[in-house]
Amino acid sequence: MPALKSAKKSLRKSRQRRLRNRSVLSTMRTAVKRVRQAPDAQAGQEALSAAISVIDRTVRKGVLQANTGARHKSRLTRHVKNLG
């Protein structure tokens, strides 16, 4: 347990950030999973547009790095193109 007042505050803030980041990442993973489990190209395309929006939001919030988000979007797009 931290002894200094600033260390206690830092611990509180890091816990809050961790919970927020976990929530955002979980939402993103769910969106990616919906794309991967799409039965056909039409459903995949709809799920892909939603997933790209979620990935961009995750990057904007600073939870993911920009290149990581771009890599996810690229792989998902390739996956949907191979469905059809």
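The protein chain has a radius of gyration of 17 Å, whereas a compact globule of 84 residues would have one near 12 Å. The radius of gyration is taken over C-alpha atoms, and the globule rule is 2.2 Å times the number of residues to the power 0.38. The structure is a predicted model, in which local features need pLDDT of at least 70 and side-chain atom pairs count only at pLDDT 80 or more, while totals for chains, interfaces and linings use all residues. Residues are numbered from 1 along each chain as its sequence is written, and side-chain values use heavy atoms, with hydrogens and water left out.

Along the principal axes of the protein chain, the C-alpha trace spans about 60 × 20 × 15 Å. Helices (H or I, at least four residues) and strands (E, at least two) are DSSP runs, numbered from the N terminus. Of the 84 residues in the protein chain, 21% are buried. Buried denotes under 20% relative accessible area, exposed over 50%, and partly exposed the range in between (1.4 Å probe, protein chains only). Accessible areas come from the Shrake-Rupley method with a 1.4 Å probe; for residues, only the protein chains shown count as cover.

A patch of positive charge on the surface is formed by K5, K9, R12, K13, R17, R20, R57, R60 and K61. Two elements, α1 (5–36) and α2 (41–60), each give two or more residues to this patch. Helix α1 gives the most, with six residues. Patches are made of residues with over 30% relative accessible area and no salt bridge; like charges are joined within 9 Å, and nonpolar side chains (Val, Leu, Ile, Met, Phe, Trp, Tyr) within 5 Å. Lys and Arg count as positive and Asp and Glu as negative, and His and the chain ends are not counted. The place of a charge is taken as NZ of Lys, CZ of Arg, CG of Asp or CD of Glu.

K13 lies in helix α1 and is partly exposed, with a relative accessible area of 38%. R20 is also found in helix α1 and is exposed, at 52% relative accessible area. The C-alpha atom of R20 is 9.2 Å from that of V63, although the two residues are 43 apart in sequence.

A search of the whole structure finds one salt bridge, defined as a side-chain nitrogen of Lys or Arg within 4 Å of a carboxyl oxygen of Asp or Glu. The side chains of K73 and D56 form this contact, at 2.7 Å from N to O. The pair links distant parts of the chain, with K73 in helix α3 (residues 66–83) and D56 in helix α2, 17 residues apart. Both partners are partly exposed: K73 has 24% relative accessibility and D56 has a relative accessible area of 30%.

V54 lies in helix α2 and counts as buried, at 12% relative accessibility. V54 and L64 are ten residues apart in sequence, with 11 Å between their C-alpha atoms. Q37, by contrast, lies in the loop between α1 and α2 and counts as exposed, at 60% relative accessibility. The C-alpha atoms of Q37 and A47, ten residues apart along the chain, are separated by 9.5 Å.
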